Amino acid sequence: MSAGPTLAWDDGAIVTVDQTALPHRHNVLRITTVDELVDAIARLAIRGAPALGIAGALGVALSAYRHGADEPVRRDAARLAAARPTAVNLAWGVDRALSRLAEGADAVLAEATALAAEDERVNRAASSRAADLLRGLCRRPRLRILTHCHTGRLATGGVGTALGAVHHLAGQGQVEMVFATETRPLLQGARLTVWELRDAAIPHRLLVDSAAASALAAGLVDCVVVGADRIAANGDVANKIGTYPLAVAAARHRVPFVVVAPESTIDGATPDGAAISIEQRPSDEVTSVAGVDTTCAGTQAFNPAFDVTPGDLVTAIVTEDRVWYPADPGTGDLADRIDRLATMVEDFPRPGVRFRDLAGVYAQPATFGAAAHALAAAYRDAFSHVVAVEARGFTLGTAVALAAGKPLVLVRKAGKLPGPLRSVKYDLEYGEDVLEMQESAVPPDGRVLIVDDVLATGGTLAAVAKLVTEGGAGVAGFGVLLELAGLGGVRRLHPHRLVALRTDRS
Ligand code: MRU
């Protein structure tokens, strides 16, 4: 496989490899006009959302050198952006290059080459973050990963998105098997993903798209990892046709379904999947294979290039900047993950006490983030404020408030907050203590979610509920990472709801 960039600028031409001819023929394309570029994009010789972004930007440079004048370049830019309407990166790349048009063709080219260099960095960051997440989500030392379409080197300006994560894991000896779907009708998986995996000596098996659900049902797959062409503001994901059924099957079999994409694939202007325009492709892509007809002459096909996976089927979307959990992550294996990461320390802080140390949860951003989102989602819009309890409740409480976009209120030990204050006394094992809250922190019509790390005897949380209700506000419920059920704390929280992300029953 060529180690050079996917798309290069060479003396007034865009140089790339024709992705439709691989793996058997390595045809180098030298594109010198916008017409040629539009054709290469439309017939998928250049494809993959991030690669399309780079191509679009370089295409504006081609036009700028040819025409110089503003109007014809803008017309070319509009044709380029429309060549594949679903992949938002194409229009994004075109717009970025166009934004420098007033400075001349050299500036447009500089923007396009900067975008290409940036994509290399973005790819590396997103794919290595995704590899970390997958290690945390899957409970095996070597993963069995199912991927769809092709999201590797030629689809991007770097190591790849979903396939980039596979490369990272493989580099650490953490891939047992990659299941690569064939990807009908144009076989990007069979031709490109398999070729790339073979080149990198990563163990793999090819399967027809319709075999994927069986592989999931048979327990052969630890996670599904795919790329994206456009992600709506609510987390709905447009990707290669066949992605949605994979997500449905993954959800049915409780297998994590992870999307890896650059931030530039997230289209905040598109509210949800229903608003994404899906590219329809010609019938002959379906009615023939490699030029040989496979059905009756004249048969019309339904041939959408992409489908939309609703965000509630997506475990996580990983970008260069963040892990986003569009679905409620409080289901499935979160309790197991917390359990695995929370270590047991004997005789701490005193002989005879078994202490659950949650530092391991805080050290894993994916699990910690999922925990915060799970608590926020469990109470949805039922609360107006998050109240976090000193001191360990501050950590989780802050994360929950951020995840929910709600104000954070701190309840502190006596003497730490400026007044006016409300305070409550509560019993400890030996003696008593005092908690305080600022009077104005929660209005009387507010409803709070009270957050702490652990529910033990329930004394502290019950006291905080009293502090809140005495000021006139309501309690939506309690949220903790861990409940020590043997200590019976939940009884003291009655009648309020408790959501414990993990319950220890011993
Ligand atoms: O029609 P294609 O081959 O361009 O579809 C490509 C995909 O759906 C990819 O998953 C997506 O573009 C991400 S590539 C990193």
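## A tour from the ligand outwards

Start by selecting the ligand: 18 residues surround it, and the closest are Arg47, Arg84, Gln188, Asn239 and Lys240 (a residue is near a molecule if one of its heavy atoms lies within 4 Å of it). Before going further, note that this is a predicted model, where local features need pLDDT of at least 70, side-chain atom pairs count only at pLDDT 80 or more, and totals for chains, interfaces and linings use all residues. Residues are numbered from 1 along each chain as its sequence is written, and side-chain values use heavy atoms, with hydrogens and water left out.

Now show the side chain of arginine 47: one of its N or O atoms is 2.5 Å from an oxygen atom of the ligand. Move on to lysine 240, where a side-chain N or O atom is 2.7 Å from a ligand oxygen. Glutamine 188 comes next, with a polar side-chain atom 2.8 Å from an oxygen atom of the ligand. How much of the ligand does the protein bury? Taken alone the ligand exposes 420 Å², and the protein buries 100% of that (accessible areas come from the Shrake-Rupley method with a 1.4 Å probe).

Colour the shell by element: α2 (49-67) and β9 (237-240) are the elements that give two or more residues to the shell around the ligand (helices, H or I, of at least four residues and strands, E, of at least two are DSSP runs, numbered from the N terminus). Then colour by domain. Domain 1 (7-117) and domain 2 (125-324) both contribute residues to this shell, so the ligand lies between them (the bounds come from an automatic or database domain assignment).

Leucine 44, in the loop between α1 (34-42) and α2, has a phi near 75°, a positive value in a residue other than glycine. Another cis peptide bond joins glutamate 390 and alanine 391, with omega of about -5°, and alanine 391 lies in the loop between β19 (385-389) and α14 (393-404).

Technical notes: Polar contact = N/O pair within 3.5 Å; in protein donor to acceptor, adjacent residues only side chain to side chain.
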